[in-house]
Amino acid sequence: MGFSILLLLFYLILPLFLAIHGLGADPFFQHSCISTAGNYSANSTYQANLNTIFSQLTSQSDFNYGFYNLSAGRDPNQVNAIALCRGDRNQEDCNSCLNESISELSQRCPFSKEVVGWSEFCTLRYAHRTLFGDMETSPDSCLFNTQNVTNVDEFNQALDNLLNNLSSRAAAEGPLRKYAADNTTVGVFQRVYALVQCSPDLSEQECGDCLSVAKEGIGSCCFGKRGCRILKPSCLLRYESDPFYLTPLPLPSPPPSVASPPPPVSPSTEGKVNFILA
């Protein structure tokens, strides 16, 4: 009898638990509701334009290497959005992450005109102002592994070299994707794995600057920790003591270079033969 009652209570509580926490939701989801940007009203034109953005994001069939720059409506109710999926994820992962992020932000920042949300596999931000092409390092967020490394100096030196290398590689990438991931040894028996990524609408200089600011945040957030995520609107970095990233989808090959045509022959010399008299 007692077991039957417990089983009944379990099935009654389970749907409520799933509704609150969300099946498959990222437990480390981070967000920022920008209060200084103001709020929109329920059933307003701004909300309708935002819903249009959400609908476009959830129905994407063109992967575009996980980067989307969308706009809906006109001033004073225009909504601009940028979505960026992590560079090692495919379209299915990207779409799933964006769907979950939309759901999370709609609940956590209702009626906020400007919002940033970071999930494990994607970043989503929207605002009334222009976002495309602007390098932004705030607001930001940070997550860290609670375990400490045992060899702090050696670990930090290896991590610093790895992040510098990855930042240069990511910044030098083209407009489709600015992402790099790799690992390196720490001492004899340990490795550190890291990835960095910028929004691909940034220039090489802007991407490098953004990642430099992100790297500076390690000292105040996760110094000596085995893992860390530094999250900025325009870039992010993550490192762990265990593998956590996949091989990214290959970018298309650049078009073959076309040989330059020979210079035109000057009309003054065309068809003429010069003789040199002894």
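Modeller: Happy to; what follows is a set of questions and answers about this predicted model.

Colleague: Are helices H2 and H3 roughly parallel or roughly antiparallel to each other?

Modeller: Two packed helices are described by the angle between their axes and the distance between the axes. For H2 (residues 45-58) and H3 (residues 91-108), the axes come within 9 Å and cross at roughly 155 degrees. Angles over 145 degrees count as roughly antiparallel, so the relation of H2 to H3 is roughly antiparallel.

Colleague: Which element gives the most to the largest nonpolar core?

Modeller: That core has 28 residues, and Val 196, Ile 218, Ile 230 and Tyr 239 have the most contacts inside it. Elements giving two or more residues to this core include strand S7 (178-186), strand S8 (190-198) and helix H5 (204-221). With eight residues, the top contributor is H4.

Colleague: Which residues is Ile 218 in contact with, leaving aside its neighbours within four places in sequence?

Modeller: Ile 218 is one of the residues with the most contacts inside the largest core. Beyond its sequence neighbours, its contacts are Leu 159, Leu 163, Phe 223, Ile 230, Leu 237 and Tyr 239.

Colleague: And how many residues does the second, separate core have?

Modeller: Among its members are Ala 81, Cys 85, Cys 97 and Leu 105. The count for this second core is 25 residues.

Colleague: On to the backbone: what is omega for the cis peptide bond that joins Ser 138 and Pro 139?

Modeller: Most residues other than glycine have a negative phi, and most peptide bonds are trans. Pro 139 lies in the loop between strand S5 (122-127) and strand S6 (141-144). The cis bond from Ser 138 to Pro 139 has an omega of about 0 degrees.

Colleague: Where is Pro 76 found?

Modeller: A cis peptide bond also links Asp 75 to Pro 76, with omega about 10 degrees. As for location, Pro 76 is in the loop between strand S2 (67-72) and strand S3 (79-85).

Definitions and conventions. Residues numbered from 1 in each chain as written. Predicted model: local features only at pLDDT ≥ 70, side-chain atom pairs only at ≥ 80, totals over all residues. Heavy atoms only, no water. Axes fitted to C-alpha atoms, helices over the stretch in contact; angles between N-to-C directions. Helix = DSSP H or I, 4+ residues; strand = E, 2+ residues; numbered from the N terminus. Parallel < 35°, antiparallel > 145°, perpendicular 65-115°, else oblique. Core = buried A, V, L, I, M, F, W, Y, C linked by side-chain atoms within 4.5 Å. Buried < 20%, exposed > 50% of the residue type's maximum accessible area, 1.4 Å probe, protein only. Contact = heavy atoms within 4.5 Å.
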